[in-house]
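Trainee: I would like to go through this chain step by step. Please show it to me first.

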Amino acid sequence: MTHSEKESTTMSEQEKETAFDKIEKGFWQKASDYATEACLHLKETYTPKDVEGIDYDQDLGDPGTYPFTRGSFPNGYRGRLWTMRQETGFGMPEDTNQRIRQLVSTGATGVNFIPDVPTLLGIDPDHPLAEGEVGAEGVPLYSLKDMEILLAGVPIEKVSTSIAASCVAPILLCQYISAAEKRGLDISGLRVTIQNDPLRDRILSH
């Protein structure tokens, strides 16, 4: 090995040591700032002094009470387990119905179904723009009949339902309620949430 080759090797090892030192320094380096996704800057440690002067009932409240800063339930998940659900939606309503019933039979306490793209866009399944998209990435829900097929045999009076459908969510909620009423269920006892967010899809598409 020539002198120049030895020197090249030595320099390479030195560069590796320098790179390792930088990694180690970065590992032990303390974060300069803490912030939430909403850009709310947080202190590393909080003490009673940080809550001096607040209105307890208005700004904090007991667990399970407004403004729900300390959770939705008084005793958290000790008295009520969190909802266990998986998102599903594919093929025809019969296909997704079979999957939902299978999930419920194995212990799922909630139902979460997603409509296909034409449903989300308010396009009829026989429209040229819907070609190839019906049931491809969600379940088609174009009518009350579709919703009835989707929920057939599903105990919606016992499990909660989440409808992730953005702008058409209120329409699908009406279908859901109508299907429940046709079963003779008391709709005041249903647990269903919708995602009526017209900005979501626009933001995600840009």
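Trainee: In what order do the elements of the chain run from the N terminus on?

Mentor: This is a predicted model, where local features need pLDDT of at least 70, side-chain atom pairs count only at pLDDT 80 or more, and totals for chains, interfaces and linings use all residues. Residues are numbered from 1 along each chain as its sequence is written, and side-chain values use heavy atoms, with hydrogens and water left out. Helices (H or I, at least four residues) and strands (E, at least two) are DSSP runs, numbered from the N terminus. Read that way, the elements run α-β-β-α-β-α-β-α-α-β-α-β-α.

Trainee: How many helices and strands does the chain hold?

Mentor: The count covers the secondary structure of the chain.

Trainee: Which residue in β6 is the bridge partner of T161?

Mentor: Strand β5 covers residues 160-163 and pairs with β6 in the parallel sense over three bridges. In β6, the partner of T161 is V192.

Trainee: Is S160 buried or exposed?

Mentor: S160 lies in strand β5. Contact means heavy atoms within 4.5 Å, and, not counting residues up to four places away in sequence, S160 touches T83, R85, T109, G110, V111 and R191. Buried means under 20% relative accessible area, exposed over 50%, and partly exposed in between (1.4 Å probe, protein chains only). With a relative accessible area of 7%, S160 is buried.

Trainee: How far does helix α3 reach from its first C-alpha to its last?

Mentor: Helix α3 spans residues 93-105, which is 13 residues. The expected span of a helix is 1.5 Å times one less than its number of residues, and for α3 that gives 18 Å. The reach in the model is close to this, at 18 Å.

Trainee: Why do the buried residues of α3 count as being on the same side?

Mentor: The buried residues in α3 are P93, T96, N97, I100 and L103. The arc is that of the directions from the helix axis to the C-beta atoms. These residues are on the same side of α3 because they cover an arc of only 125 degrees.

Trainee: Which exposed residues does the face of α3 turned away from its buried side carry?

Mentor: What covers the buried residues of α3 includes β3, β4 (110-113) and α5 (144-151). The face turned away from that buried side carries the exposed residues Q98 and S105.

Trainee: Which residues is F73 in contact with, leaving aside its neighbours within four places in sequence?

Mentor: F73 lies in the loop between α2 (56-60) and β3, and at 29% relative accessibility counts as partly exposed. F73 and P63 are ten residues apart in sequence and 6.1 Å apart in space, C-alpha to C-alpha. The contacts of F73 are P63, G64 and R80.

Trainee: How many disulfides does the structure hold?

Mentor: A disulfide is a pair of cysteine sulfur atoms within 2.5 Å. Among the residues of the chain, C39 is exposed at 59% relative accessible area, and C167 is partly exposed at 46%. The number of disulfides is zero.

How values were computed
Two strands pair if DSSP finds at least two bridges between them.
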